[in-house]
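Please find below a colleague's note on this model, written for someone meeting the structure for the first time.

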Amino acid sequence: VEKLMAVAERVSPLMALLITLMDSTGRRLSSVLGLQWDDFDFEKRTITWRAELDKKRRTWIVPMPTQAEVALLDYRAEHPAIGSALVFPMMSDPAKPVTRHLASDWMKRAYRYAGIKRPKGSLWHAFRRRWATLRKDYPLRDLAAAGGWEDLPTALMYQHADPETLRRVIDHPKPLQKRSQNG
């Protein structure tokens with residue numbers, strides 16, 4: 001993520017903000033690209049993920065990640081926009097969001113500029129998997145609600161095994177709960 005952020009401005013003025021929102025929210029690319037400024041409540045520090053942008057057509061209101069809040073406020077200070085204006089508008093038509101195809105082209109360029117190999121079979125979706133994997137120690141129901149998964153098995157599939165967690169599983173087993181004498 002750091003290497004991609006280092007080249008983001010070379011790709012697009014929107015790229016750093018897009019990477020930040022993808023990395024801090026765990027949401028699908030299409031949901032992030034469709035965000036409008038009025039989807040953010042900076043007083044309550046929440047994001048409304050509208051049903052029309054959700055794969056399951058559900059509205060979610062979740063806490064705004066601090067990292068996202070800072071990036072959004074910084075970006076808005078430099079590029080004032082209010083109300084229903086899109087956060088990621090197309091240059092040719094500001095009423096339409098950046099397409100997933102354009103965002104994918106940006107990511108391919110960012111990987112190339114950063115000199116890093118992109119994960120096989122993934123561009124932006126790698127952020128969603130990374131987000132879920134970094135939060136393995138949290139209750140699955142909370143992880144699913146924060147990341148926009150309606151069913152728990154799907155949320156669980158996004159969490160990948162990683163060397164640090166495997167080491168903890170191997171070297172630090174949790175003690176078994178003592179059974180009651182009556183059971």
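1. Basis of the note. This is a predicted model, in which local features need pLDDT of at least 70 and side-chain atom pairs count only at pLDDT 80 or more, while totals for chains, interfaces and linings use all residues. Residues are numbered from 1 along each chain as its sequence is written, and side-chain values use heavy atoms, with hydrogens and water left out.

2. The helix pair α6 and α7. Helix α6 covers residues 125-133 and helix α7 residues 140-147, and their axes come within 11 Å and cross at roughly 150°; helices here are DSSP runs (H or I, at least four residues) numbered from the N terminus, and the axes are lines fitted to C-alpha atoms over the stretch in contact, with angles from 0 to 180 degrees between N-to-C directions. The two helices are therefore roughly antiparallel to each other, a term used for angles over 145 degrees.

3. Residues between these helices. Arg128, Trp131 and Ala132 of α6 meet Leu143, Ala146 and Gly147 of α7, where contact means heavy atoms within 4.5 Å. By class, this contact has four nonpolar, one polar and one charged residues; Ala, Val, Leu, Ile, Met, Phe, Trp, Tyr, Cys and Pro count as nonpolar, Asp, Glu, Lys and Arg as charged, and the others, Gly among them, as polar.

4. Counting a side-chain nitrogen of Lys or Arg within 4 Å of a carboxyl oxygen of Asp or Glu as a salt bridge, the total comes to seven. One of these joins Lys136 to Asp162, with the closest N and O atoms 2.5 Å apart; Lys136 lies in the loop between α6 and α7 and Asp162 in the loop between α8 (152-157) and α9 (163-171), so the pair ties together parts that are 26 residues apart in sequence. Asp162 counts as buried at 14% relative accessibility, whereas Lys136 is partly exposed at 22% (buried means under 20% relative accessible area, exposed over 50%, and partly exposed in between, with a 1.4 Å probe and protein chains only).

5. Asp137 forms a salt bridge with Arg168, the closest N and O atoms being 3.3 Å apart. Asp137 is exposed at 61%, while Arg168 is partly exposed at 37%.

6. A salt-bridge network. Asp39, Arg50 and Glu52 are linked in a network of salt bridges, within which the side chains of Arg50 and Glu52 meet at 2.6 Å, N to O. Arg50 counts as buried at 15% relative accessibility, and Glu52 as partly exposed at 48%.

Note on methods: Parallel < 35°, antiparallel > 145°, perpendicular 65-115°, else oblique.
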